[in-house]
Amino acid sequence: MQEALAMTYLWLKAGHIIFMVFWMAGLFMLPRQMIYLHPAAPESEESAIWAKRMGLLRKVILTPSLIVVWVFGLALAMAIGAWTQGWFHAKLLIVILLTAYHGIMVARAKKMIAGERPMSEKQLRIWGEFPGIALALIVVLVIVKPF
């Protein structure tokens, strides 16, 4: 029985890491695609191409990966009893912030597809750094478990 539980844990962990990488890749790509869309005239052919790419990124990579990361992550937390550990609380907070970031950027991408430009290219570049910083913090929390 113990061996079966250990194997389940390892599969959950592998799935969580795999889909976290997919989700993070999407979060890195979306602001970059928005930067490429920024100078395109609304309803132009170039704008339509970037709109299609951003839609596919959202539907094929970002949203499905977000869901799987949360499901596997919560299952892992239950499996190891992480709910009482400080490092896990900090990680969970950062993941909640990343999820909010995901939603904000998707909403802004939809506005851009509709022809609006809610952010400047410089703002997009700055916002594009958030996933990398969050990823670094999460890795330190999970590996080092400083508290």
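Predicted model: local features only at pLDDT ≥ 70, side-chain atom pairs only at ≥ 80, totals over all residues.

**Overall layout**

I started with contact range: of the contacts in the protein with a separation of 6 or more, 77% are between residues 24 or more positions apart.

I looked up the secondary structure next and got five helices and zero strands. Reading along the sequence, I wrote the pattern down as α-α-α-α-α. For dimensions, I have the C-alpha trace spanning about 60 × 30 × 15 Å along its principal axes. I also checked burial, and 34% of the 147 residues count as buried.

**Helix 2 against helix 3**

How do the axes of helix 2 and helix 3 cross? I find them coming within 12 Å, with a crossing angle of roughly 165°. The cut-off for roughly antiparallel is over 145 degrees, so I log helix 2 and helix 3 as roughly antiparallel to each other. The handedness of this crossing is left-handed.

Helix 2 brings Ala51, Met54, Arg58, Leu62, Thr63, Leu66, Trp70, Ala77 and Ile80. From helix 3 come Trp87, Phe88, Leu92, Val95, Ile96, Thr99, His102, Val106, Ala109, Lys110 and Ile113. Sorting the residues of this contact by type, I get 15 nonpolar, three polar and two charged.

**His102**

His102 sits in helix 3. Buried or exposed? With a relative accessible area of 6%, His102 is buried, because the cut-off for buried is under 20%.

Which side chain does the side chain of His102 make a polar contact with? I find the side chain of Trp23, at 2.9 Å. Leaving aside neighbours within four places in sequence, I list Trp23, Leu27, Leu62, Thr63 and Leu66 as contacts of His102.

**Helix 3 against helix 5**

Helix 3 covers residues 86–113 and helix 5 covers residues 130–144. I have their axes coming within 9 Å and crossing at roughly 160°. That angle makes helix 3 and helix 5 roughly antiparallel to each other, and helix 3 passes helix 5 in a left-handed crossing.

On the helix 3 side of the contact I noted Trp87, Ala90, Lys91, Ile94, Val95, Leu97, Leu98 and Tyr101. Helix 5 supplies Phe130, Pro131, Ala134, Leu137, Ile138, Leu141 and Val142. By type, the residues of this contact divide into 14 nonpolar, no polar and one charged.

**Ser47**

I went back to helix 2, residues 45–80, for Ser47. Ser47 comes out at 4% relative accessibility and therefore counts as buried. What is Ser47 in contact with, once neighbours within four places in sequence are left aside? I find Leu37, Ala40, Ala41 and Pro42.

**Ile18**

Last stop was helix 1, residues 2–37, where Ile18 is placed. Ile18 has a relative accessible area of 43% and is partly exposed. I also looked up the separation of Ile18 and Ser65: they are 47 residues apart in sequence, and their C-alpha atoms are 9.0 Å apart in space.

Methods:
Residues numbered from 1 in each chain as written. Heavy atoms only, no water. Helix = DSSP H or I, 4+ residues; strand = E, 2+ residues; numbered from the N terminus. Buried < 20%, exposed > 50% of the residue type's maximum accessible area, 1.4 Å probe, protein only. Contact = heavy atoms within 4.5 Å. Axes fitted to C-alpha atoms, helices over the stretch in contact; angles between N-to-C directions. Parallel < 35°, antiparallel > 145°, perpendicular 65-115°, else oblique. Left-handed = near helix turned anticlockwise from the far one by under 90°. Nonpolar A, V, L, I, M, F, W, Y, C, P; charged D, E, K, R; others polar. Polar contact = N/O pair within 3.5 Å; in protein donor to acceptor, adjacent residues only side chain to side chain.
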